[in-house]
Amino acid sequence: APAALSAFDGDGHRSVLTLSNWARDSGIVMHPSVEWKDNGDEDWGLQLTSNVDRGMVLIQVPRSLVLDSSVIKDEIVSVGHEDNTISKCIETLGPFQV
């Protein structure tokens, strides 16, 4: 299982380097032309540093990190049956057809 996501460094400050290391350690693979961009005010993004061919895969994210309705449902079901939490959540997820 991937480590818990944290963009905070050891001093409690948000750090794009810490986030980048977490992404790499969690199996996220970025094309060599993709790099992190610091927009200031702890606003980060990704940018291309050179042209790439149309259709080129730029970022690969392991399925285990993708949050979709199926993953949410599986997580809820694995939590337990306290206070009808599961039935409430599944009822709410119904429109997502999971």
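I take a salt bridge to be a side-chain nitrogen of Lys or Arg within 4 Å of a carboxyl oxygen of Asp or Glu. With that cut-off I searched the whole structure and found 1 salt bridge.

**Ground rules.** The model is predicted, so I keep to its limits: local features need pLDDT of at least 70, side-chain atom pairs count only at pLDDT 80 or more, and totals for chains, interfaces and linings use all residues. Residues are numbered from 1 along each chain as its sequence is written, and side-chain values use heavy atoms, with hydrogens and water left out.

**Layout.** I counted 3 helices and 4 strands in the chain. Helices (H or I, at least four residues) and strands (E, at least two) are DSSP runs, numbered from the N terminus. Along the sequence I read the pattern α-β-β-β-β-α-α.

**Burial.** I looked up how much of the chain is buried. Buried means under 20% relative accessible area, exposed over 50%, and partly exposed in between (1.4 Å probe, protein chains only). The chain has 98 residues, and 16% of them count as buried.

**Core.** A nonpolar core is a set of buried Ala, Val, Leu, Ile, Met, Phe, Trp, Tyr and Cys residues joined through side-chain atoms within 4.5 Å. Which residues make up the largest nonpolar core? I listed 5 residues: Leu 19, Trp 22, Ala 23, Ile 28 and Trp 44. Helix 1 (residues 16–25) supplies the largest share of this core, 3 residues. In soluble globular proteins, nonpolar side chains tend to be buried together.

**Helix 1.** I then checked both faces of helix 1. Its buried residues are Leu 19, Trp 22 and Ala 23. Viewed down the axis, the buried residues of helix 1 fall within an arc of 100°, so they line one face. The arc is that of the directions from the helix axis to the C-beta atoms. An α-helix has 3.6 residues a turn, so residues three or four places apart point the same way. On the face turned away from the buried side I found the exposed residues Leu 17, Arg 24 and Asp 25. Asp 25 counts as exposed because its relative accessibility is 61%. The side chains of Asp 25 and Arg 24 meet in a salt bridge, at 3.3 Å from N to O.

**Strands 2 and 3.** Two strands pair if DSSP finds at least two bridges between them. Strand 2 (residues 34–38) pairs with strand 3 in the antiparallel sense, over 5 bridges. The two strands form a hairpin with 5 residues between them. In the turn, I noted a positive phi of about 85° at Gly 40. Lys 37 has Gly 45 of strand 3 as its bridge partner. For Glu 35, the bridge partner in strand 3 is Gln 47. Gln 47 is partly exposed, with a relative accessible area of 28%. Its C-alpha atom is separated by 6.4 Å from that of Trp 36, 11 residues apart along the chain.

**Surface patch.** Leu 46 sits in strand 3 (residues 44–48). At 39% relative accessible area, Leu 46 is partly exposed. Leu 46, Ile 59, Val 61 and Val 66 make a nonpolar surface patch of about 280 Å². Patches are made of residues with over 30% relative accessible area and no salt bridge: like charges are joined within 9 Å, nonpolar side chains (Val, Leu, Ile, Met, Phe, Trp, Tyr) within 5 Å. Accessible areas come from the Shrake-Rupley method with a 1.4 Å probe; for residues, only the protein chains shown count as cover.

**Ser 50.** I placed Ser 50 in the loop between strand 3 and strand 4 (59–60). Ser 50 is partly exposed, at 35% relative accessible area. Ser 50 and Ser 33 are 5.8 Å apart, C-alpha to C-alpha, and 17 residues apart in sequence.
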